[in-house]
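Visitor: Let us take a close look at one part of this structure. Please start at the surface and then work through the rest.

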Amino acid sequence: DHVPPPHVDLYGLGPRVPMLLISPWARQGFVAGELLEFSSVLKMIETIWGLPSLTERDGEASDMLELFDFEGEPAPRLLREPRDCSSVV
């Protein structure tokens, strides 16, 4: 990667890693512009449930809520119907 990660604390963020969000409430075709990190998942849980932050790192992380659209209807399922494989030996 040609972009060095920012140093947010003693440990830093490490190399950039792509994120693929799969959810019926994900904003389709949306590309996040904010800095996300692994602590952002924890921050989102804390935000949704009104919990205090466990550490300073997740307290300062983004909560990823801009990636979701909870106001609209969830996207339809894209999975195929389950197959009956009971006859396969």
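Which residues form a nonpolar patch on the surface, and how much accessible area do they have together?

Guide: The nonpolar surface patch is made of V41, I45, I48, W49 and L51. Together they hold about 530 Å² of accessible area. Patch members need over 30% relative accessible area and no salt bridge; nonpolar side chains (Val, Leu, Ile, Met, Phe, Trp, Tyr) are joined within 5 Å, like charges within 9 Å. Areas come from the Shrake-Rupley method with a 1.4 Å probe, and for residues only the protein chains shown count as cover. A salt bridge needs a side-chain nitrogen of Lys or Arg within 4 Å of a carboxyl oxygen of Asp or Glu.

Two notes on the source. The model is predicted: local features need pLDDT of at least 70 and side-chain atom pairs pLDDT 80 or more, while totals for chains, interfaces and linings use all residues. Residues are numbered from 1 along each chain as its sequence is written, and side-chain values use heavy atoms, without hydrogens or water.

I45 sits in helix α1. Helices are DSSP runs of H or I with at least four residues, strands are E runs of at least two, and both are numbered from the N terminus. I45 is partly exposed, at 40% relative accessibility. Buried means under 20% relative accessible area, exposed over 50%, and partly exposed lies in between, with a 1.4 Å probe and protein chains only.

Now S40, also in helix α1. S40 is buried, with a relative accessible area of 0%. Leaving out residues up to four places away in sequence, S40 touches A61, S62, D63 and M64. Contact here means heavy atoms within 4.5 Å.

Two of those partners deserve a visit. S62 belongs to the segment after α2. S62 is buried, at a relative accessible area of 15%. Beyond four places in sequence, S62 touches E34, L35, L36, S40 and K43. The side chains of S62 and E34 make a polar contact at 2.7 Å. The S62 side chain also reaches the backbone nitrogen of M64, at 3.4 Å. A polar contact is a pair of N or O atoms within 3.5 Å; within protein, one must be able to donate a hydrogen and the other to accept it, and residues adjacent in sequence count only if both atoms are side-chain atoms.

M64 is in the segment after α2 as well. M64 counts as buried, at 3% relative accessibility. Its backbone stands out: M64 has a positive phi of about 65°, although M64 is not a glycine.

Next, the charged pairs. Side chains of opposite charge can pair when their charged atoms come close. The structure holds two salt bridges. One joins R57 to D9, with the closest N and O atoms 2.9 Å apart. This pair links distant parts of the chain: R57 is in helix α2 (residues 56-60), D9 in the segment before α1 (39-49), and 48 residues separate them. R57 is partly exposed at 23% relative accessibility. D9 is partly exposed too, at 28%. R57 also meets E37 in a salt bridge, at 2.8 Å from N to O. R57 lies in helix α2 and E37 in the segment before α1, so this pair ties together parts that are 20 residues apart in sequence. Through shared partners, D9, E37 and R57 form one network.

One more stop, L21. L21 lies in the segment before α1. L21 is partly exposed, with a relative accessible area of 29%. L21 and P74 are 53 residues apart in sequence, and their C-alpha atoms are 14 Å apart in space.

Last, the whole chain. The protein chain has two helices and zero strands. Its radius of gyration is 18 Å, well over the 12 Å that the globule rule gives for 89 residues, so the chain is more spread out than a compact globule. That radius is taken over C-alpha atoms, and the globule rule is 2.2 Å times the number of residues to the power 0.38. Along the principal axes, the C-alpha atoms fill a box of roughly 55 × 35 × 25 Å. Of the 89 residues, 17% count as buried. Among contacts between residues at least 6 apart in sequence, 53% join residues at least 24 apart. The accessible surface comes to about 7,900 Å², and 61% of that belongs to carbon and sulfur atoms.
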